[in-house]
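Let's take a walk through a protein together. Have a look at the sequence and the 3D view below, and then we'll start from a single residue.

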Amino acid sequence: MSEERRRYCPQCGGDLVRRELGGIPRLACPGEGCAFVFWDNPVPVVAAIAETPDGRVVLARNRGWPEGRFGLVTGFLEPGETPEEGVLREIDEELCVAGASAGFLGLYPYYRNNQLLIAYHVPLTGEPAAGEELAEIRCLAPARVRPWPHGTGPALFDWLSGRGHEPEWGPALR
């Protein structure tokens, strides 16, 4: 739950107040004997630059997204799962195909959603298809992909640049 929506202590039910802890203003419970602090730490999210066997990049549109809005395959980790296991599971669930491997690309903060994106390059073992969570997918030659300036876009920009492309920022499709 975001800090804006949190008003009451989940332990004692008292009103939370803002106070400085560790040099940062945080919501905390002033109740006697209650030590609850809402730390609001970033949530880890895995992101995959999925690549088809013939070198195309897979872009996905989630069911809740508007027409024309695409991004990378992403997902939350399950309990006891490593990021590598999580990204390969997400590929299997969302693209109905196995990933051959998960090559770590980097960490990318996504401040708007309070997330830390853990990005991977995942070569696919076959042709992808849209799973239950996706409205559609597009498989594009890397030269046709335009990274977006937020969320998973910077990871895609870095990956494309590392492969010798000169990507331009913009909407995902061109």
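Leaving aside its neighbours within four places in sequence, which residues is Leu124 in contact with? Keep in mind as you look that this is a predicted model. Beyond those close neighbours, Leu124 is in contact with Ala50, Glu51, Thr52, Pro53 and Val58, and also with Ile91, Leu95, Val97, Ala98 and Gly99.

Two of those partners turn up again when we look at the largest nonpolar core. This core has 16 residues, and Ile91, Leu95, Val122 and Leu124 are the ones that touch the most other members. Two or more of its residues come from each of β4 (43–51), β5 (57–62), α1, β8 and β9 (134–140). Apart from this core there is another one, with 12 residues, including Leu140, Val145, Trp148 and Ala172. As a bit of background, nonpolar side chains in soluble globular proteins tend to be buried together.

Now let's zoom out to the whole chain. You can count two helices and nine strands, and from the N terminus on they come in the order β-β-β-β-β-β-α-β-β-β-α. Along the principal axes, the C-alpha atoms fill a box of roughly 65 × 30 × 30 Å. Of the 174 residues, 43% count as buried. If you take the contacts with a separation of 6 or more, 57% of them join residues 24 or more positions apart.

Is Arg61 buried or exposed? Find it in strand β5. Arg61 counts as buried because its relative accessible area is 7%, and buried means under 20%. Not counting residues up to four places away in sequence, Arg61 touches Pro66, Glu67, Gly68, Arg69 and Phe70, along with Leu134, Ala135 and Glu136.

One of those partners, Arg69, takes us to our last stop, the largest pocket. How do you spot empty space at all? Rolling a probe the size of a water molecule over the atoms shows where it is left. Here, the largest pocket holds about 530 Å³ of space. Its lining is made of 24 residues, and Trp65, Arg69, Thr74, Tyr110 and Thr152 lie nearest its centre. By class, the lining has 10 nonpolar, 10 polar and four charged residues. β6 (73–76), α1 (83–95) and β8 (115–123) each supply at least two of the lining residues, with the largest share, three residues, coming from β6.

Methods
Residues numbered from 1 in each chain as written. Predicted model: local features only at pLDDT ≥ 70, side-chain atom pairs only at ≥ 80, totals over all residues. Heavy atoms only, no water. 1 Å grid on protein atoms, 1.4 Å probe; cavity = no way out; pocket = protein on both sides within 12 Å on 5 of 7 lines; lining within 4 Å. Points joined across faces, edges and corners; volume = space filled by probe spheres on them. Helix = DSSP H or I, 4+ residues; strand = E, 2+ residues; numbered from the N terminus. Nonpolar A, V, L, I, M, F, W, Y, C, P; charged D, E, K, R; others polar. Core = buried A, V, L, I, M, F, W, Y, C linked by side-chain atoms within 4.5 Å. Buried < 20%, exposed > 50% of the residue type's maximum accessible area, 1.4 Å probe, protein only. Contact = heavy atoms within 4.5 Å.
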